[in-house]
Amino acid sequence: MEKIILRYRKKGYTQTQLEAAALAFAQAKGLSDSNMIVYNDYEEIAVFGTEKAGKKVEMSLPFTQLEKWVK
């Protein structure tokens, strides 16, 4: 069983779930080569990736939207 990394609104999320949510979010935004960092103090996940034009970008995935992206 995988350890719970983040608890938010009485729901626990594992590292695998958070990474999958960040990847789905990045793909929906058109980013490739994505990775993420969890910022508990800001209640968000910072998702980093590359746009089609090659520009590096950072986007914010708020914890309030996790249910939408976690499969």
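User: In what order do the 3 strands of the open sheet stand?

Analyst: This is a predicted model, where local features need pLDDT of at least 70, side-chain atom pairs count only at pLDDT 80 or more, and totals for chains, interfaces and linings use all residues. Residues are numbered from 1 along each chain as its sequence is written, and side-chain values use heavy atoms, with hydrogens and water left out. Strands are DSSP runs of E, at least two residues, numbered from the N terminus, and two of them pair if DSSP finds at least two bridges between them. The pairing here is antiparallel, and the order is β3-β4-β5.

User: Which strands stand at the edges of that sheet?

Analyst: An edge strand has a single partner strand, so one side of it is left without a neighbour in the sheet.

User: Which residue in β4 is the bridge partner of Y39?

Analyst: β3 and β4 (residues 44-50) run antiparallel, joined by 6 bridges. For Y39, the partner in β4 is E44.

User: What angle does the direction of helix α1 make with that of β3?

Analyst: Helix α1 (residues 15-28) packs on the sheet and touches β3, β4 and β5 (contact: heavy atoms within 4.5 Å). Axes are lines fitted to C-alpha atoms, for helices over the stretch in contact, and angles run from 0 to 180 degrees between N-to-C directions. With β3, that comes to about 130°.

User: Is K71 buried or exposed?

Analyst: K71 lies in the segment after α2 (66-69). Buried means under 20% relative accessible area, exposed over 50%, partly exposed in between (1.4 Å probe, protein chains only). At 78% relative accessibility, K71 is therefore exposed.

Conventions. Helix = DSSP H or I, 4+ residues; strand = E, 2+ residues; numbered from the N terminus.
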